[in-house]
Amino acid sequence: MGSGPNGAILHIAPTGRVLREGDIVMVDAGAEMDGYASDVSRTWPVSGRFEGAQRDLYQLVLNVQEAAIASARPGKEYRELHLEACERMARGLVDLGILRGDPASLVERDAHALFFPHGLGHMLGLATHDAGGCLAGRAPSDRFGLKWLRADLPLQENYVVTIEPGFYVIDALLRDPVRRERYRDAVNWERVDPLAGFGGIRIEDDVRITAGGAEVLTAAIPKQIAAIEAFREEALQS
Ligand SMILES: [Mn+2]
């Protein structure tokens, strides 16, 4: 889990950082039973309400996540699902004034990966990351926006996968002079630089592929903004 800026560090171990008003907190955790693992992430505001950019960006990540779940079905290539999610993310970031340009071209240049550098998700089974992966004969891409994709295979009925897009403000990527030059025109840097310390948002569900689509196994855990805010309000009052 990570709070504040630590939310932008993927798989960070818990630290002693004290939560602050205005922070968002991200927790990536799951239960294990009889050796079968789950992996779930949720993000919420410490103060109880998503404010400003947090709200817009959370809603964007949620829209991307829900669209990916809606498109998951047997026969669908997981890599396609990932690339469609990247394009949706790029389009949303253009709408929010963070990226500039045509969403498909931005994804071709991996500009979206400055903010969403990891893959859409992975197979689940015995342990969180060991099952599945690339179909035999397929090599992982070396593209910045694809090389961390842990699943590259056509989905089949009863496969269990995670779907977990995210948005992060990662200093190491955004302060890198080479990337700043490469994406000079693709990023609205004046809008991005003040987001320093924002942290990260990830929404991760575990999904079983069914004959006609996908069943969300972790649907009982709130993820809509209104549901999270109501949940937080209840917690803050008790
Ligand atoms: Mn995961």
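Helix α1 buries Gln 54, Leu 57, Tyr 58, Leu 60, Val 61, Val 64, Gln 65 and Ala 68. Buried means that 20 or more other C-beta atoms, placed from the backbone, lie within 10 Å of the residue's own; exposed means 12 or fewer, and partly exposed lies in between. This is a predicted model: local features need pLDDT of at least 70, side-chain atom pairs count only at pLDDT 80 or more, and totals for chains, interfaces and linings use all residues. Residues are numbered from 1 along each chain as its sequence is written.

**Helix α1**

- Seen down the axis of α1, the buried residues fall within an arc of 160°, so they line one face of the helix. The arc is taken from the directions from the helix axis to the C-beta atoms.
- An α-helix has 3.6 residues a turn, so residues three or four places apart point the same way.
- Gly 52 and Ala 70, on the other side of α1, are exposed.
- The 20 residues of α1 should span 28 Å at 1.5 Å a residue, and the end C-alpha atoms are 29 Å apart, which agrees. The expected span is 1.5 Å times one less than the number of residues.
- Helices (H or I, at least four residues) and strands (E, at least two) are DSSP runs, numbered from the N terminus.

**The nonpolar core**

- The largest nonpolar core has 51 residues. Such a core is a set of buried Ala, Val, Leu, Ile, Met, Phe, Trp, Tyr and Cys residues joined through C-beta atoms within 7 Å.
- Val 61, Ala 72, Ala 90, Leu 99, Ala 111 and Phe 167 touch the most other members.
- Two or more residues each come from β2, α1 (52-71), α2 (78-95), α3 (103-108), β6 (160-163), β7 (166-168) and β9 (205-209).
- Helix α2 gives the largest share, 7 residues.
- Val 61 touches Pro 165, Gly 166, Phe 167, Ile 201 and Ile 203, leaving aside residues up to four places away in sequence. Contact means C-beta atoms, placed from the backbone, within 7 Å.

**The open sheet**

- An open sheet of 3 strands runs in the order β1-β2-β5, with antiparallel pairing. Two strands pair if DSSP finds at least two bridges between them.
- The edge strands, β1 (2-3) and β5 (40-45), each pair on one side only.
- β1 and β2 are joined by 2 bridges. Ser 3 stands opposite Val 25 in β2.
- β2 (residues 24-29) and β5 pair over 6 bridges. Ile 24 has Pro 45 of β5 as its bridge partner, and Asp 28 has Ser 41.
- The covered face of β2 holds Ile 24, Met 26 and Asp 28, while the uncovered face holds Val 25, Val 27 and Ala 29.

Definitions and conventions: Two residues are in contact if their C-beta atoms, placed from the backbone, lie within 7 Å.
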